[in-house]
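Take a look at the structure below. A short walk through its parts comes after it.

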Amino acid sequence: MTSEAMDHQSETESTSMFMSIVQEILYSPMNLALVAIIAFLVYKIIKDRIEVPSAVSQRPPEPELPKLRRDFTVAELREYDGNQPDGRVLVAVNGNVFDVTKGKRFYGPGGPYASFAGRDASRNLATFSVTANDKDEYDDLSDLSAMEMDSVIEWEMQFKEKYTLVGKLLRKGEQPTNYEDEEEDTDKDSKPNESSESATTAKSTSVPGPKASVENDTVRQRATTSTTEEVK
């Protein structure tokens with residue numbers, strides 16, 4: 001058998017094998033369904049890779065919210081679940097309230113941890129639960145085990161490193177902290193002491209330097225010499 005005949009036979013076998021596969025797919029509803037599913041998944045993957053970067057690049061940056069520094073009751077915290085016009089999201093962990101607005105894709109509406117927004121998430125983080133904590137009173141976590149409390153403390157440290165501390169979650173009857181005094185003290189520390197500067201300026205003006213002292217001594221010597229000559 002010549003090489004041309006062998007090539008022709010090989011092509012014929014390949015064609016017949018391909019046709020048999022196509023016929024197997026077309027005449028088997030299950031195989032046809034599998035092919036359709038695979039084609040759809042490939043289409044979705046390619047489409048997402050093309051559209052997602054463009055959508056992210058066209059998304060306008062979120063406006064920076066003014067700094068918030070205050071304490072909250074459990075009821076007041078509920079208002080900051082990301083559904084307000086400003087979209088601010090607050091989450092409490094181990095008695096501290098954090099502004100997690102920059103992590104809105106996780107804690108905001110539609111996020112995987114949206115049930116934490118506007119609530120005390122301490123128990124959820126300790127027990128690995130995403131069920132919303134709808135308790136109307138302060139949760140002292142006294143029934144958690146030592147291991148669960150260690151987990152809460154670890155989460156608290158992570159929140160402190162990543163998000164802004166806003167204030168405390170208040171117990172029943174606890175008075176909020178006046179953070180305005182804290183800001184005033186910070187402003188005083190940052191401003192220079194004007195009275196000290198004035199005193200330093202006055203001192204430097206009134207006390208003559210070494211050069212001035214030498215000049216004064218020279219003037220005195222000349223005056224003394226002139227007086228002595230006049231007397232002579």
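This is a predicted model: local features need pLDDT of at least 70, side-chain atom pairs count only at pLDDT 80 or more; totals for chains, interfaces and linings use all residues.

Residues are numbered from 1 along each chain as its sequence is written, and side-chain values use heavy atoms, with hydrogens and water left out.

Start with the whole chain. The protein chain holds nine helices and three strands. Both are DSSP runs, numbered from the N terminus: helices are H or I with at least four residues, strands are E with at least two. From the N terminus, the order is α-α-α-β-β-α-α-α-β-α-α-α. The chain has 232 residues, and 22% of them count as buried. Buried means under 20% relative accessible area, exposed means over 50%, and partly exposed lies in between (1.4 Å probe, protein chains only). The protein chain exposes about 17500 Å², with carbon and sulfur atoms supplying 56% of that area. Such areas come from the Shrake-Rupley method with a 1.4 Å probe; for residues, only the protein chains shown count as cover. Now take the contacts (heavy atoms within 4.5 Å). Among those in the protein chain with a separation of 6 or more, 57% join residues 24 or more positions apart.

The three strands form an open sheet in the order 1-2-3, with antiparallel pairing. Two strands pair if DSSP finds at least two bridges between them.

Now the cores. A nonpolar core is a set of buried Ala, Val, Leu, Ile, Met, Phe, Trp, Tyr and Cys residues joined through side-chain atoms within 4.5 Å. The largest has twelve residues, among them Val-89, Phe-116, Ala-121, Phe-159 and Tyr-163. Phe-159 touches Val-91, Val-93, Phe-98, Val-100, Tyr-107 and Leu-125, leaving aside residues up to four places away in sequence. A second, separate core has ten residues, including Phe-72, Val-74, Leu-90 and Leu-169.

Last, the charged pairs. Side chains of opposite charge can pair when their charged atoms come close. A salt bridge here is a side-chain nitrogen of Lys or Arg within 4 Å of a carboxyl oxygen of Asp or Glu. The whole structure has nine. Arg-70 forms one with Glu-76, with the closest N and O atoms 3.0 Å apart. Arg-70 is partly exposed, at 27% relative accessible area. Glu-76 is partly exposed as well, at 31%.

Arg-119 pairs with Asp-134 in another salt bridge, at 3.1 Å between the closest N and O atoms. Arg-119 sits in the loop between helix 4 (104–107) and helix 5 (122–127), and Asp-134 in the loop between helix 5 and helix 6 (146–162), so this pair ties together parts 15 residues apart in sequence.

Arg-123 lies in helix 5 and Asp-139 in the loop between helix 5 and helix 6, so the pair ties together parts 16 residues apart in sequence. Arg-123 and Asp-139 also belong to a network of salt bridges with Lys-135 and Asp-143.
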